[in-house]
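Load the model in your viewer and show it as a cartoon. The stops below can be selected one after another.

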Amino acid sequence: METIKHETFGELAYNYGWKRDHNITLFGHEKTVILNIEAEDDAEFEDAQVNAYHTFFNDKERLLNLAEGAIFNYYLAVYEDYRQRLGEKFADKMAPILSTKDEIAHIVEPKQLIFPMIFDEDVRQVGLLLECTWEPEHGLAVKFEDEEIVEVGFQDIVL
């Protein structure tokens, strides 16, 4: 597997994107996620990706805190529908009734921070990808643009 040492991103290995492990804290738990900088195997990164990386990690605590709130609010908006579809047998396990933001840590698992190729040098975009119990097929994502959350939904919003 090809590896590089990038001045901003550090040591990365190519596997359909340039990746390495990175620790983040979400919902009070430190988790290891894959840091994924999208690019071809020639490692030609966009300036917007470098800028997005710098700005995200300079403000990581605030942005991840925003993500926690956005994930919880999204869940509160969709869980009743999922509970109905899942039925009594699975509702409490896969889409439980939650009363605090911290409880969601039991049903989501952060997996990846992605810095996509977006072909617009004026936009800094970052995606936080998570697995979740209520939507195992499509997962969950938080999409940041210019250090603001613009969307929460299925993972395809950032893939």
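**A walk through the sheet and its helices**

Select strand β4 (residues 29-37) together with strand β5 (residues 108-115): the two run parallel and are joined by 4 bridges. The coordinates are those of a predicted model. Within this pair, pick N36 and look across to β5, where I114 stands opposite.

Next, colour the whole sheet. It is open, has 8 strands in the order β1-β2-β3-β4-β5-β6-β7-β8, and its pairing is mixed. Go to the edges, where β1 (3-6) and β8 (148-153) stand; each has a single partner strand, so one side of each is without a neighbour in the sheet. From one strand to the next, the twist averages 30°.

Stay at the β8 end and select β7 with β8. These strands pair in the antiparallel sense, over 5 bridges. F144 has I149 in β8 as its bridge partner. The hairpin of β7 and β8 has 2 residues between the strands, and D146 there takes a positive phi near 50°.

Return to β4 and select L35, which is found in that strand. Is L35 buried or exposed? Its relative accessibility is 0%, and because buried means under 20%, L35 counts as buried. Leaving aside neighbours within four places in sequence, L35 is in contact with W18, K19, R20, H22, Y53, F57, L113 and F115. One of these contacts, K19, is 16 residues apart from L35 along the chain, and the C-alpha atoms of the two are separated by 5.4 Å.

Move on to A39, in the loop between β4 and α1. A39 is buried too, with a relative accessible area of 8%. Not counting residues up to four places away in sequence, A39 touches Y14, G17, W18, E44, F45 and M117. For a distance across the model, pick the C-alpha atoms of A39 and V150: they are separated by 23 Å, and the residues are 111 apart along the chain.

**The two helices**

Now select helix α1. At 1.5 Å a residue, its 12 residues should span 16 Å, and the end C-alpha atoms are 17 Å apart, which agrees. Show the side chains of A48, Q49, V50, A52, Y53, F56 and F57, which are buried in α1.

How do the axes of α1 and α2 cross, and within what distance do they come? They come within 5 Å and cross at roughly 85°. That makes α1 roughly perpendicular to α2. To see the contact, show T55, F56, F57 and N58 in α1, which meet K60, L63 and L64 in α2. The residues of this contact divide into 4 nonpolar, 2 polar and 1 charged.

E68 is buried, with a relative accessible area of 10%. Which residues is E68 in contact with, leaving aside its neighbours within four places in sequence? They are T25, L26, F27, G28 and K101.

Notes. Residues are numbered from 1 along each chain as its sequence is written. This is a predicted model: local features need pLDDT of at least 70, side-chain atom pairs count only at pLDDT 80 or more; totals for chains, interfaces and linings use all residues. Side-chain values use heavy atoms; hydrogens and water are left out. Buried means under 20% relative accessible area, exposed over 50%, partly exposed in between (1.4 Å probe, protein chains only). Contact means heavy atoms within 4.5 Å. Two strands pair if DSSP finds at least two bridges between them. Axes are lines fitted to C-alpha atoms, for helices over the stretch in contact, and angles run from 0 to 180 degrees between N-to-C directions. Angles under 35 degrees count as roughly parallel, over 145 as roughly antiparallel, 65 to 115 as roughly perpendicular and the rest as oblique. Ala, Val, Leu, Ile, Met, Phe, Trp, Tyr, Cys and Pro count as nonpolar, Asp, Glu, Lys and Arg as charged, and the others, Gly among them, as polar. The expected span of a helix is 1.5 Å times one less than its number of residues.
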